[in-house]
Amino acid sequence: MKRLPIFLFVLISFCQVNAQINELGIFLGGSNFVGDVGKTDYIAPNELAFGILYKWNRSPRHAYRISYTQSQVSGNDADSDVAGRNLRGYRFENSLKELSVGFEFNFFDFNLHELDRKITPYVYSGVSYFFYDELYVLDGATEKDDTTSALAIPMTVGIKSNITPSLVLGFEVGARYTFTDNIDGSHPKEDSYESLRFGKMNSNDWYVFTGFTLTYTFGEKPCYCAE
C-alpha cells in the first residue's frame, strides 16, 4: 500500500505523455456490509468511506480507472429484520482497504474539452483487491486471527456532470461481490475453527460503497478519432 502514490504518479505521467485528458480526485461517502450478520439491505451505508481515484479518458464514452478506497464495515444482528439474527445478537467490525482497476463506460458523450454543461449516467467494473482482518467468533466475542486479502468484482452505477470547466462531480453506488465469506467472522478459513462457522456456507460476502466523487481534469486536448 505504501507504493500506491508512486504507482499513481508514474501512471499519470505516462498518460500525460500520450496526450489524453486525465481526471484525479476523491471519493467520499459511506459503506455497508451484506453477509451473514446484520442487515440484508444492499444500499444502507452506516460507516464512513473515503478514497482517491484517477481516470484516463480514452474517448468521450470510455475511460480506464484506478482507485484506492478504505472504510470500516460493520454489522449488527439487532438491526436485522430476520428473526433468527435478532435472537443470535452477534455484531462485528472490520477494516477494508481496496485497490480497484477497471473500465468506466458513459451512456452519453462526455467530452471534457467542450465548455457546455454535460451530464451522463455511467457504469464501472473491473477487479478489486482488498485487505481485511480474518475474524472468528469464540464464546460470543469476535477475535482477530490475521490480516489477509481477497479479490472482488466491482459493479458500479453512477451519474456525473462537469460543474466547472475543470471539475466533475459524480454520485455512484458500487457493490462488490467478494471471493470470501469471512469479512464478518462467519467462516474462518482455519480447519481448527470449523466448529465456529455459521450462516450460509455457499454465499460469499458483499460490501457496498455509496457516495460522491469530485475530480479535477487536466491534460492536452486529445484527438478522439479512429487510428
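**Notebook: a predicted barrel**

I began at one pair: Gly158 stands opposite Glu172 in E7. The model is predicted, so I noted its limits: local features need pLDDT of at least 70, side-chain atom pairs count only at pLDDT 80 or more, and totals for chains, interfaces and linings use all residues. Residues are numbered from 1 along each chain as its sequence is written, and side-chain values use heavy atoms, with hydrogens and water left out.

**Elements**

I listed the secondary structure next. The protein has two helices and eight strands. Helices (H or I, at least four residues) and strands (E, at least two) are DSSP runs, numbered from the N terminus. From that end the order reads α-β-β-β-α-β-β-β-β-β.

**Barrel**

How do the eight strands close? I found a barrel in the order E1-E2-E3-E4-E5-E6-E7-E8, with antiparallel pairing. From one strand to the next the twist averages 20 degrees. Axes here are lines fitted to C-alpha atoms, for helices over the stretch in contact, and angles run from 0 to 180 degrees between N-to-C directions. Two strands count as paired if DSSP finds at least two bridges between them.

**Around E7**

I then followed E7 to both neighbours. Strand E6 (residues 141-164) and strand E7 (residues 167-178) run antiparallel, joined by twelve bridges. The hairpin from E6 to E7 passes through two residues. Lys160 stands opposite Gly170 in E7. On the E8 side I counted eleven bridges from E7 to strand E8 (residues 206-218), again antiparallel. There, Leu169 stands opposite Leu214 in E8.

**Cavity**

How many cavities of 30 Å³ or more are there? I got one. A cavity is a set of points, on a 1 Å grid over the protein atoms alone, where a 1.4 Å probe fits but cannot get out; lining residues have an atom within 4 Å of a point. Grid points are joined across faces, edges and corners, and the volume is the space filled by probe spheres set on the points. The largest cavity holds about 80 Å³. It has 13 lining residues, and Phe27, Arg65, Thr69, Glu172 and Arg176 are the closest to its centre. Strand E2 (47-57), strand E3 (62-76) and E7 each give two or more residues to this lining.

**Whole protein**

Last, I checked burial. Buried residues (under 20% relative accessible area, 1.4 Å probe, protein chains only) make up 46% of the 227 residues. I also checked contacts (heavy atoms within 4.5 Å). Among those between residues at least 6 apart in sequence, 68% join residues at least 24 apart.

Notes:
1 Å grid on protein atoms, 1.4 Å probe; cavity = no way out; pocket = protein on both sides within 12 Å on 5 of 7 lines; lining within 4 Å. Buried < 20%, exposed > 50% of the residue type's maximum accessible area, 1.4 Å probe, protein only.
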